[in-house]
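Reader: Hi! Could you walk me through the charged side chains in this one?
Author: Happy to, let's look at it together.

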Amino acid sequence: MKGPWIKLLLVVVAFFAVISCKKDDGEPPIDPKAENRKSLGVSAEDLLSEDIYDRITIELVYAPSYRPTDIAINEFRNFLNARLNKSGGINIIETVIEAPSGAPFNIEEIRAIEDEHRVHYTVDNTIAVYIFFSNGVSTNDTNTSVTLGTAYRNTSIVVYEKTVRDIALNNPNIELHDLEINTLEHEFGHILGLVNIQDDDIHTNHEDAAHLKHCVVEDCLMYFESTDGLRLAERLAKRGVIPSFDPLCIADLQAKGGK
Ligand SMILES: [Zn+2]
Ligand SMILES: [Zn+2]
């Protein structure tokens, strides 16, 4: 009977030795990617205000031939300038990668692509956002509904550029860059916390109860129709203008330090 007890005692002693070693080492090693591994909406204030970060890096990642249009990139820059307090500057960086294989992609695969290819992370006074322009469509797509983009972490967005281009090809009256702009700005709205992502909306009647995390105002960029490619195509064809934030959404952004 003695043998096993001594073994157990040794294991326990070894266990506490490991624990105390860890303690003695002081601070655990800091994961340089931890700041960008948080859940959607938690960095809204860090993105909007400049209390902590007065600069932002936007990393556009794409495979050759899936680069978004210049018009979309320029308009997106104007959109960011209009809403974010980043007096140190908005820096848009492009990272070209080899086309990831295995499309269509589910969200776990989209996360894995980010883990492999993202270059820029939040550091010092610069917050970084990653946007992947996917060469493959989403596994969620059906005959009646297609996903144009998803915001899936605090600073991570995927734009299904393949889907965006297919819709533009099939709808000659819709400009590719309009679809790109609408998708980029809508998904960015989500990482800015819209609508009520963190359950801290300053309004009582703002989030659409039938389409959660979206805005009740039909003319707003955060109205749910922007999420579905086929609905959005119809909407853009009918109205001819890209929606922008309505006053409710802007008030929420300003409450968190935005312009
Ligand atoms: Zn949405
Ligand atoms: Zn709104």
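Author: Let's start with Arg165, which is partly exposed at 24% relative accessibility (partly exposed is the range between buried, under 20% relative accessible area, and exposed, over 50%, with a 1.4 Å probe and protein chains only). This is a predicted model, where local features need pLDDT of at least 70 and side-chain atom pairs count only at pLDDT 80 or more, while totals for chains, interfaces and linings use all residues. Residues are numbered from 1 along each chain as its sequence is written, chains are lettered from A and ligands numbered from 1 in the order in which they are written, and side-chain values use heavy atoms, leaving out hydrogens and water.

Reader: Thanks! Which residue does Arg165 form a salt bridge with?
Author: With Glu161; their closest N and O atoms are 2.9 Å apart. A salt bridge here is a side-chain nitrogen of Lys or Arg within 4 Å of a carboxyl oxygen of Asp or Glu.

Reader: And is Glu161 buried or exposed?
Author: Glu161 is buried, at 0% relative accessibility.

Reader: New topic: what does Lys38 pair with?
Author: Lys38 has a salt bridge to Glu35, with 3.0 Å between the closest N and O atoms. Lys38 is partly exposed at 36%, and Glu35 is partly exposed at 25%.

Reader: Which residues are linked in a network?
Author: Salt bridges link Arg37, Glu114, Asp115, Arg118 and Arg153 in a network.

Reader: How many salt bridges are there?
Author: The count is 16 salt bridges.
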